[in-house]
Amino acid sequence: AVVSTQSTGLYAGKKTDFWVALDPVNGNKHASVTTQGVETCTAVTKEESSLFVGKTEYSLTIVDSKTATQTWNVTYVSYVAPTLNDYDYKYTHYASSSDGLLITFNTASNRILWHVRFASPVISLFVERFKSLVRVPHRTLR
């Protein structure tokens, strides 16, 4: 979509949907499917299975119409996954929205099972169910 406003900015954006087939053991991408077709990245043997992940990518660019310079560019990726509705899920996750800290507790014993600090903030957690991803609820630490 292309939009012009009364300011000097011209906005151009798009939304692209993907299906990505991943190796569930090592994370290598087997293939990705878009409206443009199928991109095969690695061969899949009959013994291997794939984890299918739905992904939507949003891109937005703003260009100053008077100077023809790009003033803003952003791409946001959202993974499509239903929320886990398993009331017997045994874990409680706490994730920092600022520094990548993730802590997991055993819900029954309230004991820390593990913690890790990633290089970037944690915004979502997923588990594999039925050859696809399911979003796991977590609490945000600030």
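This is a predicted model: local features need pLDDT of at least 70, side-chain atom pairs count only at pLDDT 80 or more; totals for chains, interfaces and linings use all residues.
Is Tyr79 buried, partly exposed or exposed?

Legend 1. Residues are numbered from 1 along each chain as its sequence is written, and side-chain values use heavy atoms, with hydrogens and water left out. The chain has 12 strands and 0 helices; these are DSSP runs numbered from the N terminus, with strands (E) of at least two residues and helices (H or I) of at least four. With a radius of gyration of 20 Å, well over the 14 Å that the globule rule gives for 142 residues, the chain is more spread out than a compact globule. That radius is taken over C-alpha atoms, and the rule is 2.2 Å times the number of residues to the power 0.38. The C-alpha trace spans about 60 × 45 × 25 Å along its principal axes. Take the contacts (heavy atoms within 4.5 Å) between residues at least 6 apart in sequence: 44% of them join residues at least 24 apart.

**Legend 2. Strand 2 and its two antiparallel partners.** Strand 2 (residues 9-22) runs antiparallel to strand 5 (residues 51-64), with 14 bridges joining them; strands pair if DSSP finds at least two bridges between them. Leu22 has Leu51 of strand 5 as its bridge partner. Strand 3 (residues 29-34) is also antiparallel to strand 2, joined by 4 bridges, and here Val20 is partnered with Ser32. Strands 2 and 3 make a hairpin with 6 residues between them, and Gly27 in the turn has a positive phi of about 80°. Look for Phe18 too: the charged end of Lys55 sits over its ring, 4.9 Å from the centre. For that label, NZ of Lys or CZ of Arg must be within 6 Å of the ring centre and within 35 degrees of the ring normal.

**Legend 3. Aromatic pairs.** The structure holds 4 aromatic pairs. Rings of Phe, Tyr and Trp (its six-membered ring) pair if their centres lie within 6.5 Å; planes under 30 degrees apart are stacked, over 60 edge-to-face, and the rest tilted. One of the pairs is Tyr79 with Phe126, edge-to-face at 6.3 Å centre to centre and 75° between the planes. This pair links distant parts of the chain, since Tyr79 is in strand 6 (residues 69-80) and Phe126 in strand 10 (residues 125-129), 47 residues apart. As for the opening question, Tyr79 is partly exposed at 37% relative accessible area, and Phe126 is partly exposed at 28%. Buried means under 20% relative accessible area, exposed over 50%, and partly exposed in between (1.4 Å probe, protein chains only). Another edge-to-face pair is Tyr89 with Tyr91, at 5.4 Å centre to centre and 80° between the planes. Tyr89 counts as buried at 18%, whereas Tyr91 is partly exposed at 35%.

Legend 4. Strand 8 (residues 101-106) is joined to strand 9 by 6 bridges, running antiparallel. There, Thr104 has Trp114 of strand 9 as its bridge partner.
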